[in-house]
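Subject: Structure handover

Hello,

Here is the structure for you to look through. My notes on what turned up follow below it.

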Amino acid sequence: MTQLQQQVIKDAKLFINGEYRDSISGESFDTIDPATNQKLASVAKANEEDVNHAIEAAQRTFESGIWSKMPVAERSEILCRMSDIIMDRADELAHVETLDVGKPIKESRGFDIPRAAANLRFFAEMANYIHHEHYDQAKYMSYSKYAPAGVTSLIIPWNLPFMQMTWKASAAMAAGNTVVVKPASYTPLSAVMLGEIANEAGLPPGVLNIITGPGGTAGTALTKHPFVRRISFVGDSTTGRTVMQNAASQLIPVSLELGGKSANIVFEDADLDEAIEGSIDAIFRNQGEICLAGSRLLVQERIYDLFLDKFVKAVRKIKVGDPLCEETDMGALVSKGHLETVDEYVQAGISEGAKLAVGGKKITSLGEGNFYEPTVLYDVDNKMKVAQEEIFGPVLSVIPFNTEEEAIQIANDSIYGLAGVVWTNDLRRAHRVASSINSGLFWINCWYYRDLRTPFGGSKASGIGREGGRHSFEFYTEAKTITMKL
């Protein structure tokens with residue numbers, strides 16, 4: 001372990017009721033540095049009993065009213081202090097995130113950690129402006145109240161752990177709920193650090209609880225406990241179905257942010273340089289390990305060869321390397337197993353008839369880490385496996401199309417409906433395409449820009465529900481109507 005790793009990496013314990021503790025069984029597991037496949041730290045392995053303790057602590061705190069009945073302005077002040085502390089510790093958190101996930105340090109420092117701080121401040125401040133409705137009739141007056149729902153289970157993915165954790169927990173806590181969070185077993189280290197930040201900011205014990213452990217035990221327990229009144233899950237669509245089935249047994253409302261296979265459409269009238277730069281970002285940022293990735297690149301036939309040639313030349317300039325190096329554009333995939341899965345998809349695509357333009361294999365010159373070449377497959381048929389299934393890696397499928405109608409048909413020919421992109425200088429076409437594609441999010445001549453006030457979520461196999469802005473507060477609260485005779 002390097003001197004830097006020794007400074008920022010600590011063994012991780014469970015965070016329950018404001019205290020760090022070992023698992024009841026005393027068991028632990030290792031988290032691995034994707035860039036070296038060497039152990040980073042030991043992590044407490046929670047079982048069902050540990051999860052129950054965390055949920056019970058959250059329930060006691062919720063019922064006490066110390067947080068749920070605290071004036072909104074005071075809750076907001078504590079959450080804003082957490083935001084400030086995150087930025088004070090931004091460099092440390094960014095290094096932990098990079099070492100645990102394998103992503104470039106410039107992404108962790110430049111996006112993930114600042115966005116995490118912004119999440120807390122945004123929802124903390126917005127909580128002050130959530131209004132209640134009031135209606136008058138001839139003899140009656142009715143008004144609504146939005147009360148915190150109660151204990152909230154949050155299950156977080158491994159690709160953007162700290163940012164995703166704060167995205168969920170900020171809104172839930174700002175609404176007055178108590179939360180139990182389970183980060184992914186691959187990447188638990190930054191999430192566990194939020195407990196230290198909460199204590200320093202003065203968050204009451206039991207409001208935030210963090211459990212580390214396998215999804216099959218700890219995750220399942222979080223989705224079935226009768227004290228839990230909301231579940232928000234981010235992950236793959238198969239696991240999302242299981243979460244929904246578990247929640248149904250207790251009639252727990254769920255919010256599911258699941259997989260994607262988004263179409264990134266380039267028309268002949270697009271600014272090609274802008275489209276190339278944006279499309280590279282849309283598939284190779286975070287090693288392609290983003291649900292919003294524009295993993296299907298649809299290019300109009302009249303510019304297909306020209307665009308592909310320029311695109312491949314740009315891909316060859318991507319620097320894959322040590323995630324802690326400031327010049328690195330793409331780091332390591334999260335695990336050996338995931339790298340093998342990504343490579344299996346590439347080989348399957350080639351066997352189905354797709355052509356390999358660039359990439360297509362593991363990088364062995366960088367040591368034992370999980371480094372994979374940025375890969376472009378072209379002349380892909382949308383029926384192929386690489387075009388229909390989420391690869392969640394640095395693999396792009398390029399598909400030609402002729403007309404606008406054909407592009408829309410190809411884009412919608414997917415079980416997913418998370419996002420989409422169009423590149424064109426025809427304003428009417430841009431809005432026609434945006435309206436015609438079945439997705440929860442859509443970008444015109446850009447990608448990945450987010451206004452936290454807007455709804456976020458997908459359709460079809462990409463999820464259920466929306467979060468963001470007022471939509472988060474609607475999900476994490478219970479609406480009550482009170483009517484009085486005048």
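The UniProt record, an unreviewed entry, lists residues 23–482 as "domain: Aldehyde dehydrogenase". UniProt positions are given in the numbering used here, feature names are shortened, and annotations may be inferred rather than shown by experiment. Over residues 23–482 the chain is 40% helix and 20% strand. The end C-alpha atoms of that stretch are 45 Å apart.

Some ground rules before the details. This is a predicted model: local features need pLDDT of at least 70, side-chain atom pairs count only at pLDDT 80 or more, and totals for chains, interfaces and linings use all residues. Residues are numbered from 1 along each chain as its sequence is written, and side-chain values use heavy atoms, with hydrogens and water left out. Helices (H or I, at least four residues) and strands (E, at least two) are DSSP runs, numbered from the N terminus.

Helix packing

Take H2 (residues 48–64) and H8 (residues 215–222) to begin with. They pack at an angle of about 30°, with axes 9 Å apart. Axes are lines fitted to C-alpha atoms, for helices over the stretch in contact, and angles run from 0 to 180 degrees between N-to-C directions. That angle makes H2 roughly parallel to H8. The cut-offs: under 35 degrees is roughly parallel, over 145 roughly antiparallel, 65 to 115 roughly perpendicular, and the rest oblique. H2 brings Glu48, Val51 and Ile55 to the contact, and H8 brings Ala218, Ala221 and Leu222. Contact means heavy atoms within 4.5 Å. By class, these residues are 5 nonpolar, no polar and 1 charged. Ala, Val, Leu, Ile, Met, Phe, Trp, Tyr, Cys and Pro count as nonpolar, Asp, Glu, Lys and Arg as charged, and the others, Gly among them, as polar.

Next, H3 (residues 72–88) and H6 (residues 161–174) pack at about 165°, with axes 11 Å apart. They are therefore roughly antiparallel. H3 passes H6 in a right-handed crossing. Arg75, Leu79, Met82 and Ile86 in H3 meet Phe162, Thr166, Ser170, Met173 and Ala174 in H6. That contact has 6 nonpolar, 2 polar and 1 charged residues.

H4 (residues 90–101) and H7 (residues 189–201) pack at about 155°, axes 9 Å apart. This pair, too, is therefore roughly antiparallel. Glu92, Leu93, Val96, Glu97 and Asp100 of H4 touch Leu189, Ser190, Met193 and Ile197 of H7.

Strands

An open sheet of 3 strands runs in the order E5-E6-E22, with antiparallel pairing. Two strands pair if DSSP finds at least two bridges between them. E5 (134–136) and E22 (477–485) are the edge strands, each with a single partner, so one side of each has no neighbour in the sheet. Neighbouring strands here are turned by 15° against each other on average, direction ignored. E5 pairs with E6 (residues 140–148) over 3 bridges. Tyrosine 135 has serine 142 in E6 as its bridge partner.

Elsewhere, E14 (residues 355–358) runs antiparallel to E15 (residues 375–378), joined by 3 bridges. Leucine 356 stands opposite leucine 377 in E15. E15 also joins E16 (residues 395–401) by 3 bridges, running parallel. There, valine 376 is partnered with leucine 396 in E16.

Best wishes

Terms used:
Left-handed = near helix turned anticlockwise from the far one by under 90°.
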